[in-house]
Amino acid sequence: MCITILGIETSCDETSVAVVENGTIVKSNIISSQIEVHQKFGGVVPEIASRKHLELINVVVKQALDKAATGFGQINAVAVTYGPGLVGALLVGVAAAKAIAFGLDIPLIGINHMEGHVYANMLAHPDPEFPIICLVVSGGHTDLVLIQSHGSYQLVGSTRDDAAGEAFDKVARVLGLGYPGGPQIDTLAAMGDDKAIAFPRAYLEENSLDFSFSGVKTAVINYLNQCKQKGIPVNKPDVAASFRRAVVDVLVDKTIQAAKSFDTKTIMLAGGVAANKLLRDELSNRTASMGLDLLAPPPILCTDNAAMIACAAYFKYLRHDFAPLTLNAVPGLKLGEDRY
Ligand code: KG4
Ligand code: ZN
């Protein structure tokens with residue numbers, strides 16, 4: 001039997017709607033990015049994001065159905081991100097999903113945005129070998145998660161200050177690059193020498209699986225200030241390459257350490273920073289040399305999109321884990337908890 005799920009994602013600055021069959025066949029995945037609107041402010045402005053979602057949501061739902069050559073009548077359930085994220089932005093998706101579920105009398109499925117990022121992997125690999133260590137790296141999160149089975153998450157490491165994506169965005173800003181900074185640093189770094197500047201790597205206490213990126217971020221800012229004071233020209237590609245290397249070294253070492261500690265054979269990457277070229281290459285080399293499996297979504301599915309939400313929802317659909325029509329946005333929702 002074919003289960004068709006309409007997924008909706010509006011937690012930050014992309015309005016995205018997807019139609020996915022049986023959790024794996026992406027019939028459409030429309031991602032309408034607001035990046036241009038927010039770029040002039042150097043980051044996402046929550047109030048503007050909600051208004052844009054409101055303008056776009058019905059249009060994007062229609063585009064997703066049209067592209068999938070399907071109609072509301074063929075949809076078996078509607079899934080929506082209800083947290084974590086910007087409350088006003090989340091509410092637009094949640095309200096739209098509830099209206100569709102009510103109007104069509106079909107189940108409503110509430111999805112945690114971070115769980116969606118994890119499930120971007122399952123679109124191509126619905127049957128991975130558990131247990132899995134997943135490195136979830138986005139603009140708001142840097143987490144190491146032990147996944148024992150579908151829907152079972154244990155947080156084993158997390159950032160104590162900035163998220164990795166946040167550090168990329170802040171460093172990009174001080175280098176005068178645009179928003180979002182991660183992709184721009186990634187591109188610039190390819191032209192630089194990653195050994196040019198010795199930025200610090202924070203490993204914290206022995207055996208700790210936690211992260212800290214505020215130190216490396218401050219080190220970059222101090223380095224740029226010193227260059228300015230001394231009148232030394234800044235080699236931006238070298239700064240980008242050395243910074244990217246410092247962040248990736250720690251992410252890779254701690255992910256491998258977690259896989260060893262919990263004796264997992266599979267490592268997964270998830271979240272926007274998982275699109276980072278060096279992170280993917282380094283983890284791929286390290287896992288190959290250790291005989292571990294590495295799963296990483298294609299770069300377009302690493303950043304926010306609704307196909308990953310519809311994929312996560314498929315596994316909840318199979319468990320009959322449905323949300324009531326009273327579902328609300330939960331901006332601080334944690335991975336592994338449901339609040340409905
Ligand atoms: O998952 P995502 O799209 O949104 C959140 O849930 O936060 O992640 C966005 C983050 C931004 O901080 C962006 O700079 C970062 O992912 N990012 C990257 C790359 N592509 C996106 N960071 C490093 N390298 C990249 N190639
Ligand atoms: Zn995200």
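The legends below describe close-up views of a predicted model.

**View 1. The five-stranded sheet.**
Five strands make up an open sheet, and their order across it is β3-β2-β1-β4-β5. The pairing in this sheet is mixed. At the edges are β3 (25–33) and β5 (108–112), each of which pairs on one side only. From one strand to the next, the twist averages 20°. In general, strands of a sheet pair through backbone hydrogen bonds, and the pairing is either parallel or antiparallel.

**View 2. Strands β1 and β4.**
Strand β1 (residues 4–9) and strand β4 (residues 77–83) run parallel and are joined by four bridges. G7 has A79 in β4 as its bridge partner.

**View 3. Helices on the sheet.**
Helix α2 (residues 46–67) packs on the sheet and touches β1, β2 (14–21) and β3. The direction of α2 makes about 25° with that of β2. Helix α11 (residues 307–318) lies across β1, β2, β3, β4 and β5, and runs at about 120° to β5.

**View 4. The two domains.**
The domain assignment of the protein chain gives domain 1 as 4–118 + 301–318 and domain 2 as 130–264. Their C-alpha centres are 28 Å apart.

**View 5. The interface between domain 1 and domain 2.**
Eleven residues of domain 1 contact eleven residues of domain 2. About 960 Å² is buried between the two domains, with carbon and sulfur atoms giving 71% of this area. Between the domains there are zero salt bridges, while three residue pairs are in polar contact across the interface. On the side of domain 1 that touches domain 2, α1 (35–39) and α4 (113–119) each supply at least two residues. The largest share of that side, three residues, comes from α4.

Terms used
Residues are numbered from 1 along each chain as its sequence is written. Chains are lettered from A and ligands numbered from 1 in the order in which they are written. This is a predicted model: local features need pLDDT of at least 70, side-chain atom pairs count only at pLDDT 80 or more; totals for chains, interfaces and linings use all residues. Side-chain values use heavy atoms; hydrogens and water are left out. Two strands pair if DSSP finds at least two bridges between them. Axes are lines fitted to C-alpha atoms, for helices over the stretch in contact, and angles run from 0 to 180 degrees between N-to-C directions. Contact means heavy atoms within 4.5 Å. Domain bounds come from an automatic or database domain assignment. Buried area is the accessible area (1.4 Å probe) that two parts lose on being put together, summed over both. A salt bridge is a side-chain nitrogen of Lys or Arg within 4 Å of a carboxyl oxygen of Asp or Glu. A polar contact is a pair of N or O atoms within 3.5 Å; within protein, one must be able to donate a hydrogen and the other to accept it, and residues adjacent in sequence count only if both atoms are side-chain atoms.
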